[in-house]
Amino acid sequence: MYKIIQEGKAKIKVPKAYKISKELPVFYNPVMEFNRTVSVLLLKVIGKKMKIGLPLGGSGVRAVRFLKELPKSKIKEVWINDINKEAVKIIKENLRLNKVKAKVVNKDANMFLLESSGFDYIDIDPFGSPNIFLDSAVKRIGRGGVLAVTATDTGCLAGSYVKACKRKYWSNPVKNENMHENGLRILIRKVQLIGADHSKALIPIYSYFKDHYFRIFFRCEKGKQKVDVLLKKHGMLGKAGPLWLGELWDKKVAAGIAKLSDDKFLHTIDREAKIDAVGFYNIPWLVKKYKLKQLKQKDIINKIKKKHYKVAETHFACNSLRSDIDLKKMIKLF
Ligand SMILES: C[S@@+](CC[C@H](N)C(=O)[O-])C[C@H]1O[C@@H](n2cnc3c(N)ncnc32)[C@H](O)[C@@H]1O
């Protein structure tokens with residue numbers, strides 16, 4: 001049983017569902033509308049005309065939104081693939097329903113990628129971990145292209161399943177206040193290591209944690225030296241890691257995305273992207289650990305600013321601040 005829904009500028013035929021699960025005849029998750037909206041915004045901000053590859057197409061909603069919401073000057077071709085025959089049937093119907101054109105393929109995602117001549121944008125949006133698709137995606141992403149990766153195995157990356165994280169992401173996660181930023185950084189390093197195998201430097205240009213998933217957009221640059229520079233930014237953060245210690249955002253991309261939207265979350269990211277600091281201060285944790293006086297968040301922010309440090313709320317957690325002030329000075333301010 002299907003119904004027609006509207007998402008962005010797309011009309012999409014999706015299964016009627018009381019529960020979103022991978023058992024659906026064709027997968028569509030309304031919670032991921034935000035994930036797709038950010039992809040549209042990012043592609044608007046990136047200057048290039050792109051050949052787009054969606055190896056895990058689902059209902060085709062992402063592709064239809066790209067075709068309807070991006071200026072024609074941004075798209076060379078859109079290729080949508082899914083292993084599920086029913087999904088491919090619905091993708092074709094959704095393309096017709098929206099009067100847009102794309103190439104539709106019904107293969108295993110790795111075969112789809114490896115048999116292609118390559119893409120300028122590849123979106124890995126799997127059930128759970130992206131791991132099994134990373135090698136072929138990295139092989140087929142072009143110079144200057146963007147590789148987008150979603151991971152929904154949040155528990156593993158954020159420290160609930162330590163052994164699984166070590167096995168799958170070659171890193172030790174720690175379940176603490178910073179666990180979601182650490183998890184994102186562990187995932188970034190893993191993707192970069194796969195990139196290193198192919199002499200491709202994968203530089204995060206926009207990343208975030210939301211709801212139940214991690215999301216990263218990497219710009220792909222080629223060359224052994226560029227890879228070596230990235231690898232120098234892998235290290236430990238306390239007991240967590242190894243993980244990526246470099247920037248999570250390209251400041252211009254974060255500002256460009258915020259400019260196109262009035263979404264609070266995207267504006268929070270834009271503000272925190274301006275601060276070069278790894279990790280953030282969770283205020284209740286700080287107060288409890290160092291037995292400090294409870295202050296209002298607004299007052300702490302003012303005190304930090306008065307000392308001429310940068311500070312902003314972080315999208316990772318509430319009651320938490322990203323700042324370039326060091327821990328000792330931060331404690332003194334209380
Ligand atoms: C999370 S859904 C993708 C959702 C879609 N990208 C969207 O934005 O709505 C994952 C999709 O991958 C497909 N899939 C799973 N394993 C696959 C494989 N090995 N090759 C190709 N498609 C696969 C599933 O049928 C499902 O449609």
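Modeller: Let's start with the partners of Leu-41: leaving aside residues up to four places away in sequence, Leu-41 touches Ile-257, Leu-260 and Ser-261. Please keep in mind that this is a predicted model. Leu-41 itself sits in helix H1, which covers residues 33-45. Is Leu-41 buried or exposed? Leu-41 counts as buried because it has 22 C-beta neighbours inside 10 Å, and the cut-off for buried is 20 or more. You can also see how the chain folds back here: Leu-41 and Lys-259 are 218 residues apart in sequence, yet their C-alpha atoms are 9.7 Å apart in space.

One of those partners, Ile-257, leads us onward. Ile-257 belongs to H10 and takes part in the contact of that helix with H11. Helix H10 spans residues 251-259 and helix H11 spans residues 264-273; their axes come within 9 Å and cross at roughly 155°. Angles over 145 degrees count as roughly antiparallel, and therefore H10 and H11 are described as roughly antiparallel to each other. The crossing of H10 past H11 is left-handed. On the H10 side, the contact is made by Lys-251, Ala-254, Ala-255, Ile-257 and Ala-258. Facing them from H11 are Leu-266, His-267, Ile-269, Asp-270 and Ala-273. Sorted by class, the residues of this contact are 7 nonpolar, 1 polar and 2 charged.

Helix H5 (residues 131-140) and helix H8 (residues 179-197) have axes that come within 9 Å and cross at roughly 50°. H5 and H8 are therefore oblique to each other, and H5 passes H8 in a right-handed crossing. Here Leu-134, Asp-135 and Val-138 of H5 meet Val-191, Ile-194 and Gly-195 of H8. This contact has 4 nonpolar, 1 polar and 1 charged residues.

Finally, have a look at the ligand. A shell of 20 residues surrounds the ligand, and the closest are Leu-56, Gly-58, Ile-83, Ala-109 and Asp-125. By class, that shell holds 10 nonpolar, 5 polar and 5 charged residues.

Note on methods. Residues are numbered from 1 along each chain as its sequence is written. This is a predicted model: local features need pLDDT of at least 70, side-chain atom pairs count only at pLDDT 80 or more; totals for chains, interfaces and linings use all residues. A residue is near a molecule or strand if its C-beta atom, placed from the backbone, lies within 6 Å of it. Ala, Val, Leu, Ile, Met, Phe, Trp, Tyr, Cys and Pro count as nonpolar, Asp, Glu, Lys and Arg as charged, and the others, Gly among them, as polar. Helices (H or I, at least four residues) and strands (E, at least two) are DSSP runs, numbered from the N terminus. A residue is buried if 20 or more other C-beta atoms lie within 10 Å of its own, exposed if 12 or fewer, and partly exposed in between; C-beta atoms are placed from the backbone. Two residues are in contact if their C-beta atoms, placed from the backbone, lie within 7 Å. Axes are lines fitted to C-alpha atoms, for helices over the stretch in contact, and angles run from 0 to 180 degrees between N-to-C directions. Angles under 35 degrees count as roughly parallel, over 145 as roughly antiparallel, 65 to 115 as roughly perpendicular and the rest as oblique. A crossing is left-handed if the near helix is turned anticlockwise from the far one by less than a right angle, and right-handed if clockwise.
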